Amino acid sequence: ESRKAETFIKKADKRRETFYNVNTGRMWQDKDEYSLCLNSSSLGDELCAELIVQAFNKYNEAQS
């Protein structure tokens, strides 16, 4: 079961990466293309959610 799920996720990620690369002319793994990257494995989902909301609010304040 878990091997099937892992295979499914890897294939979905690869399709997503290919779609992004083809349609944007950019590379999915290029860190410069991201505004915010968080490691949810070490930070946890709760903290990541809080940080995303904080970043969103600060970004919107700066745009005003």
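Here is a quick briefing on the structure above, sorted by topic.

This is a predicted model, so a few ground rules apply: local features need pLDDT of at least 70, side-chain atom pairs count only at pLDDT 80 or more, and totals for chains, interfaces and linings use all residues. Residues are numbered from 1 along each chain as its sequence is written, and side-chain values use heavy atoms, with hydrogens and water left out. In brief, the protein chain has three helices and zero strands, one aromatic pair and zero disulfides.

**Fold and overall shape**

- Reading from the N terminus, the elements go α-α-α; helices (H or I, at least four residues) and strands (E, at least two) are DSSP runs, numbered from the N terminus.
- The radius of gyration of the protein chain is 16 Å, whereas a compact globule of 64 residues would sit near 11 Å. That radius is taken over C-alpha atoms, and the globule rule is 2.2 Å times the number of residues to the power 0.38.

**Cysteines**

- A search of the whole structure turns up zero disulfides, a disulfide being a pair of cysteine sulfur atoms within 2.5 Å.
- Cys-37 is in no disulfide, and its nearest cysteine sulfur, that of Cys-48, is 11 Å away.
- Cys-48 is in no disulfide either, and this residue is buried, at a relative accessible area of 7%.

**The aromatic pair**

- The structure holds one aromatic pair: the ring centres of Tyr-20 and Trp-28 are 5.5 Å apart and the planes meet at 75°, so the pair is edge-to-face.
- For the cut-offs, rings of Phe, Tyr and Trp (its six-membered ring) pair if their centres lie within 6.5 Å; planes under 30 degrees apart count as stacked, over 60 as edge-to-face and the rest as tilted.
- Both partners are partly exposed, Tyr-20 at 21% relative accessibility and Trp-28 at 29%.

- Phe-8 belongs to helix α1 (residues 2–24) and is exposed, with a relative accessible area of 56%. Phe-8 and Lys-58 are 50 residues apart in sequence, and their C-alpha atoms are 36 Å apart.
- Lys-14 is also in helix α1 and counts as partly exposed at 48% relative accessibility. From Lys-14 to Gly-44 it is 30 residues in sequence and 24 Å in space, C-alpha to C-alpha.
- Val-22 lies in helix α1 too and is exposed, at 64% relative accessible area. Val-22 and Leu-47 are 25 residues apart along the chain, with 33 Å between their C-alpha atoms.

Technical notes. Buried < 20%, exposed > 50% of the residue type's maximum accessible area, 1.4 Å probe, protein only.
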